[in-house]
Amino acid sequence: MAKLPLFFGNYKKFPGFHVRKISVLFLLTVFTFLSSFGQQVEISGKVLEESSKATVIGATIKVKQKGPQTGTVSDAKGDFRLNVKSLPVTIVISSIGYKNQEIDVYEADPITIYLIEDQNRLSSVVVVGYGTQKRSDITGSVSTVSPGLLAQPSASFDNLLQGSVSGVVTTQSSNAPGSTASIRIRGGNSVNFGNDPLYVIDGFLVYNNNDNVNTGAGSGITVNALSTINPSDIESIDILKDASATAIYGARGANGVVIISTKKGKKGVNQVNYNGYYGTQRAAKKVQLLNASQWDQLQNDIYASVPVASRVGLNYFTDAQIAADAAGYDWQNAALKTGSVQNHDISISGGDEKSRYLISGNYFDQKGVVVSSDFQRYSGRINYERDVSKKFKVSTNAFGSRSTENKLTGSGYNSLNFNGAFPSLLLTSPRTPVYNTDGSYNTSTNSYLSTTTNPLQDIISTKNNTYLTRVLANVSGEYKIIPDLTLKVSGGTDISITKQNYYAPSYTNAGNSVSGSASVGMTQVNSWLNENTLTYDHDFNDKHFLNVLVGYTTQYQGGESVLANAQLFPNDISTYNNLASGTAQPLASSSFTSTTNSYLARINYSYKHKYNVTVSERADGASVLGANKKWGYFPSVGLSWNVNKEGFFKPFEKTISDLKIRLSAGQTGNSNVPPYSSLQSLGTSNYYFNNTLVTGLAPSQLENKNLGWETTTQFDAGIDLSLLNNKINLVLDGYYKKTTDLLLNVPLPLYTGYQSALENVGSVQNKGLELTVNTENIKTKNFSWRSTIVWATNANKILSLGKGVSNYFPLAPTGQVSPVIVAVGQPVGTFWGYSTNGLLTAEDIANGYPLLTGVSQTVGDQKYLTTSSAHKTITTVDKHYLGSAQPSFTGSFSNTFTYKQVDLTFFFQGSYGNKIFNLLQQQLELTKQTSNASASLLDRYSATNPNGTLPRATNAPVAQVIDRYIEDGSYLRLKNLTLSYSVPTKLISRIHARQLKVYVTGQNLLTITKYSGTDPEANFYTGDNTKQGIDFGVYPSSKTYLVGVSITL
Amino acid sequence: MKKISIILLLAGIALYSCNSLIEDPNSSISAGQFYKTQADAISSVSAVYSTLDSDPASDFPIYGRNLNLLTGNGSDDQIYAPSNTNPDVRALGTATYITSNDRVRKSWVQHYYGINRANIAIDNIPKIPLTQFSDTTIRLRLIRESKFIRALLYFNLVRLHGGVPLVLHDPTTVVVNQLLIGRTSKDSIYQQIISDLNDATNLPSTYSSSNIGRVTGGAAHVLLAKVYVTRKDWQNALVELKKVITSGSFAGVTGNYNYDLNPVFSQLFNPNYKNGVEHVFSAQFGTGAARSTNTLSSSNFNSFNPSIYPGDLPADSTLFQLFDASDTRRSTTFFSSLYNSATGKTVVFSTPANSRFAKFIDFTITPLTSQSLSKVNFPVIRYAEVLLLYAEVLNELNGGPTADAYKAINNVRARAHSLYSGNGIATAATYDLTSGLSQADFRDAVFNERRKEFIQEAQRWFDLVRRGVNQGTGNSYLIDALKKLPGKTGAFAPTANRDTLYPVPQVEIDLNPKLTQNPGW
């Protein structure tokens, strides 16, 4: 809309149709044209950002002409003035991060130029490993997260990646404040170890390991180390997906690389920016349970199923009692509340001829939708850069943050027990009052409580908190030895200090039998990284563009932790702050160190930006691997061809603005095993002699000197296509990945005394397609509509698990059988169980239909299917494949509508074809005397309901993994809906503001899914690749409504 | 400026010299650093003992739970409890288990886990110079203790599974193919057990305070006798038994271990009386932080809510009805109501006939519901068994019961009725066995007494299998016993052989083509 049309003549640059000011300008233009002939003319105007309407400082305005360039930059108010020889003239406006614009100027009147964010144009610069590259020259698959998505309100940036880029599958496994998301780029390569991508934050390599911020004190879901970083500090996120892009990160590149660049100051005046929002949250969906009278009836059915002699002590209710109980007490509701979220960011940035700086501060506070769960963060950042001389530049990026998290107790992904605080509420009988009549918690010896304490009181009075302090800072110096040769040395450190406190008072379930239970843990992990690179960058005659990089880097990580526990406290006053007043329990301390040394080299060559080659090689040495296999070598090659720059392409130029073909191949590695995995180390196992504890020590694992790298070999082919003058941008990639020498715990013969040994065997493949389409659907003077579609499919398959092993079952929760299998030919994360076919009828029994062994089955019990007609009973051999947690495809659809000063964006995101094992439902359908059950049991078979579809109530149900609990987890979710209004610059200039924007946002407003549980994203065992898609009662997801304001002075 | 900047950069590089990639753990010990001192030797043997009642993955231990699942739930003493939500546990209680039963696998793993620890101790301790030891006898003692435990675990394995792979050294490779071996014959396993136990009989007869609970020479003699009885080698069994029966209590015995029956049966399971005169060898439990004991069979009780079932339940009322009312074993073994000190009320859990198990409830704990802190030891061998084995051996050797055979069993019966005063002397003969029984009737009486005496003590399945085939029915005693219970639906399996040996775990067979499965599976 910024282009001014010419009303007549044969100007070369007459692009498309424009509607702006045609009639008005007619006469004016003629006038200007005539009057300015032969004189110096001053043109002036203002540069604004299209979506926010904020002024753009430092945009370059140049006259398009042959010979010497004349130009200027926009000032602090976005204004510019430029003298030109004559009108009309074509000016080019450019600024990093925006699309270049060419405008034909016919008049001397001030003009307003709106710059549009550049999401995909080949002319832009992209951050790649150890440098930047013109997008046109790139050979690998690199995606940039759209700035619009990054601007969404969120506690942690990992949550923002959902649906952002094709091929990146992000699952928000728990909705608890501050919790972590699981991120997989192009599927999981590894079965057992490390599928998370590598994060590179301002050049610093961070492998996010949540274990480093967990001390073992307390319980509950893992603290998310990434939540320490303030999302508002992030300028851009680039995701490296194929081997050509990631191989420069060698051993740590196999799972993809997320490159995060934080905001920097820009040359120009000082700028102050504030962004704040406040919102409320409510649980999106509740678990449907029986009410009190329905529960009473269930109890009577259980009672009836027990032989008369065994009925002593069992619940039985008379009709009068059932009627009197009515709805009873809703324990779930008692713990749910309206949550809130608020965030305040303030930053000051600027720069002069020699320095650039940015200082920012952030406060984030979220109160969860369940009592006693919240998350707070304070963080600050300083980014500074100075040109010490023309040849020497120094810079630093530093941030520190302190976050506090209060969590619900209960199992995290690494615990296998169904003991979460929230599920304990679901299981409490609706017949039991939550409170006494005086408002105190009901802890009477009511036999319908499964514990002797009040589960709501347990949640509220148990302290379970984490204080996480993190500092990530690096400094670097760059020296131009000769103009084209730059030496860069950087050093940085990442320090995280975690303190966790836990106290269960004597009147809670966990503290009851031990008179109060406390634990305090502290862990400190520090990592430092030194990188030394030498870059040679030269173009020969504007034809041959060469960029050569060599480097040596070394990274060290060390951690120390202590954990102290005590029980048997005389009172509950000092909680975890005075362990000495209780009786000491096991103490623990530990430490580890690990080191990685690397040599790297890369050559980028481009011929006229038409033919591009990238060759890279990295050698990595990792201390965690076996003595014989410390070093791994990871090469890659990438080719690309900008077809549109060929002469023969001229005729298509108008339809196809850009066309690029990419091909790449390479290898990357994964060595993400814990330190000392290759050594024969001893473990403690203690015993008592004469009631006194003695320490026993014995080897706990076998030595493996040949423990080496997992290697991922990847091939990628891609097309980048822009149509109709960049109105449609399309990126399509296909890839094939094969990971060999998997780090697997290979089963040993059990008679060796060891169950498994860590070895490099087996292989996994991933193949897939990825598509991103950006379109500018409508573009008029006052209205625009832009869309982005992201779509990806990935097929994961285990090719081998080593010689003689066709499958194994990962460890199951205590008291249960494993619902998943790891099997050759199947994807990782495959459900394994029985198929069923309704309920057993009297006829079935009479006909000798095969019955499940281990229980006595009769009419109204589940009818299982055999896998072979030869089976006369149902045993575990009748279990079979029931689906996979891997989606057929994932995608997102985002839209931005702009009308004058108003923007409307909505963002849909979804997954199709993945299955979820509804373990919570399985547990809630167990008919027990001591716990509440799912409302689905209303449809159980009974004497009064012979057409019921669920099995009859019994007192001895065994939980089986059956097809009914393996549900379709497909969903489409309206993740974000934002309406914003930018106050016109004319109005806000009175308060000397450059930009003022107010917005309202709704998050997670709508979810379309067939899944019966509360959240189709539920993924209880977050980090465990073999147990994906298991819903074991997660923290409820919430709908959020918030209002925000953003102002720039 | 140029110089300064270059110096700065080079200094930056120099600061970070190349890091070593050699791992040198400082918070864990590697095998190369260990087995150097007396303390190391003692710790390595403590680790052997620990396998008896703890599991590396915090699963149920062998003694206290997992072995009981096979010998209790697998026999006619127990059925499944409603709280057995694990289908594999349920399958053992209903005799419907299959070769991939996870609990059978777990028991197998745990036995070999202990055997491996013993092998490591037996291999490494002799390499520690004798000068490292404060006392020249300690090194040999530690090796012999390890040999006893290795023999005990192999004895369990050979009875549960038949011939099993005989492993006597720690593996040195992680390559699966180099570790594959086949089954060793039953006889060879027994030879190894007997040889280890013979060595272990040289162990001390008693220990001083801090070592109480270690294996004694007497324990080795009794286990050896039990091995001979299992093999029907009555003569050798008699020789061993005579060495442990306290001299003076029976004519012709030479025992100097001072074992005797505890006159009060209930004290055998009271932690205040642990390692008493009757306890020949026990798996030691204690309350302490550094290990979990919460999977002891004492999950016999966990809540005053009668709707919450414990892990194990008696098969049916017939078990309870074996006892007469004055038998103190009945009230020690079962409960149907308990006093709740918190409320001052007695909670009724069931009718007396449908009682629950009480033996492993630690009644010294307040509140009683905190049974995860139970300190009750698990008796592997008690003197009552010595007497019952003696009665059995004499009956077999002499074509019928001798006077000493009667005296042995009657001592046990008298004690059960609080009529035993010590050193072989009963204060009354009220509950003595009918005199003049035939050999077969006396045999039945001994097995019946064993059943009543050792409920929940990991004996019943072994006893039923040891009796072999019942000539009257043509079935094994085990099958006959199971068939009497309607809950044991799988016991009617057509292959009679099947139920007298547990299968080799399926995963073991899948991994190792050299292993064969037991008949009938």
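**Close-up 1. Where chain B meets chain A.** In this predicted model, chain B puts 101 residues into the contact and chain A puts in 94, with contact meaning heavy atoms within 4.5 Å. About 8,000 Å² is buried between the two chains, and carbon and sulfur atoms give 62% of that; buried area here is the accessible area (1.4 Å probe) that two parts lose on being put together, summed over both.

The housekeeping: residues are numbered from 1 along each chain as its sequence is written, chains are lettered from A in the order in which they are written, and side-chain values use heavy atoms, with hydrogens and water left out. Because the model is predicted, local features need pLDDT of at least 70 and side-chain atom pairs count only at pLDDT 80 or more, while totals for chains, interfaces and linings use all residues.

**Close-up 2. Polar links across the interface.** Chain B and chain A share 18 residue pairs in polar contact, both residues at pLDDT 80 or more. That term covers N or O atoms within 3.5 Å, one able to donate a hydrogen and the other to accept it; residues adjacent in sequence count only if both atoms are side-chain atoms. Salt bridges between chain B and chain A come to zero (Lys or Arg side-chain nitrogen within 4 Å of an Asp or Glu carboxyl oxygen).

**Close-up 3. A nonpolar patch on chain A.** Tyr278(A), Tyr899(A), Val902(A), Leu979(A), Tyr981(A), Val998(A), Val1000(A) and Val1043(A) make a nonpolar surface patch of about 670 Å². Patch members have over 30% relative accessible area and no salt bridge, with nonpolar side chains joined within 5 Å. Leu979(A) sits in strand β53.

Definitions and conventions: Patches are made of residues with over 30% relative accessible area and no salt bridge: like charges are joined within 9 Å, nonpolar side chains (Val, Leu, Ile, Met, Phe, Trp, Tyr) within 5 Å. Accessible areas come from the Shrake-Rupley method with a 1.4 Å probe; for residues, only the protein chains shown count as cover. Helices (H or I, at least four residues) and strands (E, at least two) are DSSP runs, numbered from the N terminus.
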